Amino acid sequence: MNLRRLSAAIVVLALFAVGLSAGPAGAHDPDGARCDAETEAVLGDAADWAAVELAGWVLGTKCLLDSGDRERSTLPSATRASYDGQRVTVIGGTAAVPASKLSGLSVSERLSGADRLETMRAVVAWADRIQAAQAAMDVGETGLAVTAEQASGYARDKFGDHNSSLCSTQTRGWYTGLSLSEHGCDVDHVVSLKEAWESGAHAWTASQRARFASDPANLRASLSCVNRSKGDKDAGSWPVAVASGDCEGLTPTRGACSQFTTVTVAVKRTWGLSVDAAEDAALNSQSRCKNLPETVTHPNDTAANRGNEDEDEDDEPIRTGSCTHWHAGAPKHTHVRYSDGTVSGHRHQPSSSTKCGYLWR
């Protein structure tokens, strides 16, 4: 067991010993300032407070919210904010945290089981999933089996429909950072369903494939034209520029390419999917994203719009995301990403060099 997993195990044991029998003594005042600077919020019931604290520790946020007293007028500013990248993770199922207690919050992920113990197990499994994927990417090893793909027999209806409201809750495309309301939104499977079929899902039950299709870790809101250009491509042949249509020439950003790489690894590790030789080489390449731009502009944006952007170039950069992690040679630390492309912490520039990968929130 490496140091990272040992640390996680110690925290989990401590939370079981203290948190499961106690109420939310560490819950933050809903009107407190400690949520103001956070891009992550964790919301849960008092009975699941140990799991809430574990999720907060993994996400590196102090914004822990007790769902027992959720009034829209008393929510902290972090959960009312409209800036891009804000996420609310809910601990507990709909019986413990029903929609009425969300007070209009857009839920990014719900971690729950049938009871308190299963909920804690789900959160522990989720925490281990994030730490394992990040550890693999930190040392440039995916840990994925390299095998030939099963290319026959795929049909979209073998996976059922995904259940996602991302296009109604997100404002920016994950791959480009561009406005979804202006350019159209699709929900993208980062690891496409056809790619999943070819790399192991052909042997799954229909129930397993249905769960994969709705796995929130594998779903992202994307510009329609980017999603349709990506199609069924795997990490060995994507990202590339859109070849035709109204956003011809548009590419993902450098940071999104890095996140696409690490999410692909995390999803395939979780579901036991393999990679082919081309994917393996691409996922282990340290330079696959370096030639992509830090920011992109939609080809259909008018010169007038670009002129307006120029007029705003002296505006104060706004915070667009954060990442808390640790890696070799550095203790636990936080990077903050801004709208002008700069990133705080360790003088890292660009954001893809922070090793944050899909931990950017």
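**Reading the fold**

Tutor: In the protein chain, 68% of the contacts with a separation of 6 or more are between residues 24 or more positions apart. Please keep in mind that this is a predicted model, and that the protein chain holds twelve helices and eight strands.

Student: How many residues does the protein chain have, and what percentage of them count as buried?

Tutor: The protein chain has 361 residues, and 47% of these count as buried. The accessible surface of the protein chain comes to about 16700 Å², and carbon and sulfur atoms make up 50% of that area.

Student: Which residues have the most contacts inside the largest nonpolar core?

Tutor: The general idea comes before the case: in soluble globular proteins, nonpolar side chains tend to be buried together. Here the largest nonpolar core has 36 residues, and F212, V226 and L250 are those with the most contacts inside it. Two or more residues of this core come from each of helix 7, helix 8, strand 6 (219–223), helix 9 (224–230) and helix 10, and helix 10 gives the largest share, five residues. If we look beyond close sequence neighbours, leaving out residues up to four places away, V226 touches Y175, T176, W238, V242, C247 and L250. There is also a second, separate core of 17 residues, and among its members are A51, V58, V123 and W126.

Student: What kind of peptide bond joins W238 and P239?

Tutor: W238 and P239 are joined by a cis peptide bond, with omega about 15°. To place this on the chain, look for P239 in the loop between helix 9 and helix 10.

Student: How many salt bridges are there, and what should I ask about each of them?

Tutor: The count comes to six salt bridges.

Student: Where do E198 and K194 lie?

Tutor: Both E198 and K194 lie in helix 7, four residues apart, which is about one turn of the helix. Their side chains meet in a salt bridge, with N to O at 2.6 Å. E198 counts as buried because its relative accessibility is 10%, under the 20% limit for buried, whereas K194, at 27% relative accessibility, counts as partly exposed.

Student: Which residue forms a salt bridge with E195?

Tutor: The partner is K268, and the closest N and O atoms of the two are 2.6 Å apart. K268 lies in helix 10 (residues 254–271) and E195 in helix 7, so this pair ties together parts that are 73 residues apart in sequence. Both K268 and E195 are buried, and a network of salt bridges links E195, K268 and E279.

Student: How far apart are N and O in the salt bridge of R254 and E294?

Tutor: The N to O distance there is 3.4 Å. This pair also links distant parts of the chain, since R254 is in helix 10 while E294 is in the loop between helix 11 (277–283) and helix 12 (303–311), 40 residues apart. R254 is buried, with a relative accessible area of 19%, and E294 is partly exposed, with a relative accessible area of 25%.

Student: Is S67 buried or exposed?

Tutor: S67 is buried, with a relative accessible area of 0%, and its place is in the loop between strand 2 (64–66) and helix 3 (77–80). Not counting residues up to four places away in sequence, S67 touches L43, G44, D45, A96, V97 and K101.

Student: Where does H202 lie, and which residues does H202 touch?

Tutor: H202 lies in the loop between helix 7 (193–198) and helix 8 (206–213), and is partly exposed, with a relative accessible area of 34%. Again not counting residues up to four places away in sequence, H202 touches Q150, W197 and R209. A polar atom of the H202 side chain lies 2.8 Å from the backbone oxygen of W197. Finally, the C-alpha atoms of H202 and A151 are separated by 9.4 Å, although these residues are 51 residues apart along the chain.

Note on methods: Residues are numbered from 1 along each chain as its sequence is written. This is a predicted model: local features need pLDDT of at least 70, side-chain atom pairs count only at pLDDT 80 or more; totals for chains, interfaces and linings use all residues. Side-chain values use heavy atoms; hydrogens and water are left out. Buried means under 20% relative accessible area, exposed over 50%, partly exposed in between (1.4 Å probe, protein chains only). Contact means heavy atoms within 4.5 Å. A polar contact is a pair of N or O atoms within 3.5 Å; within protein, one must be able to donate a hydrogen and the other to accept it, and residues adjacent in sequence count only if both atoms are side-chain atoms. A salt bridge is a side-chain nitrogen of Lys or Arg within 4 Å of a carboxyl oxygen of Asp or Glu. A nonpolar core is a set of buried Ala, Val, Leu, Ile, Met, Phe, Trp, Tyr and Cys residues joined through side-chain atoms within 4.5 Å. Accessible areas come from the Shrake-Rupley method with a 1.4 Å probe; for residues, only the protein chains shown count as cover.
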